[in-house]
Every structure is written in C-alpha cells, then in structure tokens.
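Subject: Structure for you to look at

Hello,

Here is the structure I said I would pass on. Please open it beside this message and follow along; my notes come after it.

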Amino acid sequence: MGLGKNFSISRFLIIGISLFLSKLMLLLSAYLLSPTEYNLFNKYYYTAALVITFGILGFDYAFSREDISPFKILLFVVLQVSLFAFILSFFDDYRNTLLFSASVFIYAVFIVFSNILAFRILFDGEYISYFFIYLSYSLLHIILIMAIPSQDYVLFFPFTGLLWAAIVLYISRRYLIIKGNGIKRFYKLAMSGFIINSSLSLGIVFIKYVVNNFFPAETANAFTFSWGIAAPVYYIGSLIEKYIYSLDSEKSPGQTRKSFYLLLVLTASYGLLMVFI
C-alpha cells in the first residue's frame, strides 16, 4: 500500500509514531506536574538536551555511513559531553551542585550513545525495532516525570538513561562486533552531519535552556508549553527526513520529491488547524 511507487504508508506511520513517542513526555509533563515541578523538570531536561545536542556532534549520521567500533564512539561521546558540560558550567549558575552536574553528565552520555545506535537501526531500514526503542524511551521518561515530586528525582535522570541504553544495546547488539579505524573520516562525516542536521535544533534547544534556567517560572512554563503546541510543524520535517533515511540508497532518490510534497501538505494542514483552533 502506498501513495506512489515504493512509498510505504506503514513505514511512514510507524516512524511518525516513534517520533511522537520520543516527545510525548514533554507534553504529558505539563499536565502531570505542578507549575513548580514542571519548571524544575524543564530546567534539568533542557540543560541535558543542550549537552546532548553538542555531545552527539553528528556521530549518528557518521556511524550510519562509516563502520567504527561502538566502544570508540562511546569514548568520543564521553569526551565530547565532558568538554561541553565543562564549558557550560561557567555559564550555568543554577544550582550547579556536583550531584546535578553528575546527573546531567551520566544521563547525556547514555542518551547520546543510545540515539547513535538507534539512528543506525533506522538507517538500516529496521523501523519496527526503531519503534520499540522509542516506545521504551517514552515509557521510561513517563516514569521519570512521575518521580519528579520525590526528593530523589535527581537520581532518576541517570537511571533513566542507563535503562534505555541497556534496551538499545540489546536490540542493536550485533553492532558491538563492528571494527573500524577510519577515525578521521568518521569525524569528517560527523562534522558535516552536525552542521547540516543540528543547526536548527541547537538554536531551539539553546533558547529553551535559557528561558527555563534564567527566566521566571511562569514565563518559562508558558513559553515551553506554547512551543510544545507549535512543535509538530518542526517535527513534520524531521519525520520526512527520518523516513528518507530509513530507505535503501536505490529507493531514496525517487522518494525525496514525493516526501517534499507530503511535507508541504502536512505542514499547511497543521498550520490551518492551529489557526481555526
């Protein structure tokens, strides 16, 4: 079944649901938490998200095109996250305790490494496995949100990252035997992927980080919730991108134009929906 030759509606929908699941907890947090707890969660989450955006550095894109040992990638991730977390510490006055810093660091490392492996799974066309990976991500983060009112909520961030990494590693365990030494080419691809794919994401995450850490809670909550309503316009583009990545190289070129048309239709439809609502 498809909209055109080789266009898979089932693949498109499953990837779309996976993307929705990866963001579901951000929507639910506004309803499950009090205003104070919601602001606290966003401070932690978007601090970690900023570190994650720099920490991934296009490694997901590079690993899909260059075989290299995942253990080396993990080392690269630790170094990259450490570097940016250190730089961020000079600007982040917000309760920058050792426990907070360690929690964000551990969470970011596990999330970055897991996202790299998940992207490789998607790139290899295994979108069903990709769906289950982000289903587990969503469920674990919903549990994390429920833990925010407790006094030990800081500890739930690294444990959430650790548990998700364990699930992703089990699903992608065949990649653990990959060997490769093309570090120079890997970093070259990573930088290209970061510049092309992460520029917009970096700007959005940075704004959310600043608003949630340095603005009054009421303003920060209103901004973050409003963005959550408008975000689907941005995620529609991400959905099209991930659908194309999931195709093999022979099908991908022929799908780009159809996907672009679909992107225009979906974006216009959602925009009109927001206007009438």
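Helix 5 has 26 residues. From the first C-alpha of helix 5 to the last is 37 Å, close to the 38 Å expected at 1.5 Å a residue. Please keep in mind that this is a predicted model. Just after helix 5 comes Gly125, with a positive phi of about 85°.

Next, the partners of helix 2.

Helix 2 covers residues 35–56 and packs against helix 5, residues 98–123. The angle between them is about 50°, and their axes are 9 Å apart. The crossing of helix 2 past helix 5 is right-handed. On the helix 2 side, the contact is made by Tyr44, Tyr45, Thr47, Ala48, Val51, Ile52, Gly55 and Ile56. Helix 5 brings Phe100, Val104, Tyr107, Ala108, Ile111, Val112, Asn115 and Ile116. Sorted by class, the residues of this contact are 13 nonpolar, three polar and no charged.

An α-helix has 3.6 residues a turn, so residues three or four places apart point the same way.

Helix 2 also packs against helix 4 (70–89). Here the angle is about 135°, again with the axes 9 Å apart. Helix 2 passes helix 4 in a right-handed crossing. Thr47, Leu50, Val51, Phe54 and Gly55 of helix 2 touch Gln80, Val81, Phe84 and Leu88 of helix 4. This contact has six nonpolar, three polar and no charged residues.

What is the angle between helix 1 and helix 2? Helix 1, residues 9–32, packs against helix 2 at about 155°, with the axes 9 Å apart. The angle is over 145 degrees, so the two helices are roughly antiparallel. Their crossing is left-handed. Met25, Leu26, Ser29 and Ala30 of helix 1 meet Tyr38, Phe41, Tyr45 and Tyr46 of helix 2. The residues of this contact are seven nonpolar, one polar and no charged.

Last, the salt bridges.

How many are there in the whole structure? The search finds four. One of them joins Arg120 to Asp67, with the closest N and O atoms 3.0 Å apart. The pair links distant parts of the chain, 53 residues apart. Arg120 is in helix 5, while Asp67 lies in the loop between helix 3 (59–63) and helix 4.

Regards

Note on methods:
Residues are numbered from 1 along each chain as its sequence is written. This is a predicted model: local features need pLDDT of at least 70, side-chain atom pairs count only at pLDDT 80 or more; totals for chains, interfaces and linings use all residues. Side-chain values use heavy atoms; hydrogens and water are left out. Axes are lines fitted to C-alpha atoms, for helices over the stretch in contact, and angles run from 0 to 180 degrees between N-to-C directions. Helices (H or I, at least four residues) and strands (E, at least two) are DSSP runs, numbered from the N terminus. A crossing is left-handed if the near helix is turned anticlockwise from the far one by less than a right angle, and right-handed if clockwise. Contact means heavy atoms within 4.5 Å. Ala, Val, Leu, Ile, Met, Phe, Trp, Tyr, Cys and Pro count as nonpolar, Asp, Glu, Lys and Arg as charged, and the others, Gly among them, as polar. The expected span of a helix is 1.5 Å times one less than its number of residues. A salt bridge is a side-chain nitrogen of Lys or Arg within 4 Å of a carboxyl oxygen of Asp or Glu. Angles under 35 degrees count as roughly parallel, over 145 as roughly antiparallel, 65 to 115 as roughly perpendicular and the rest as oblique.
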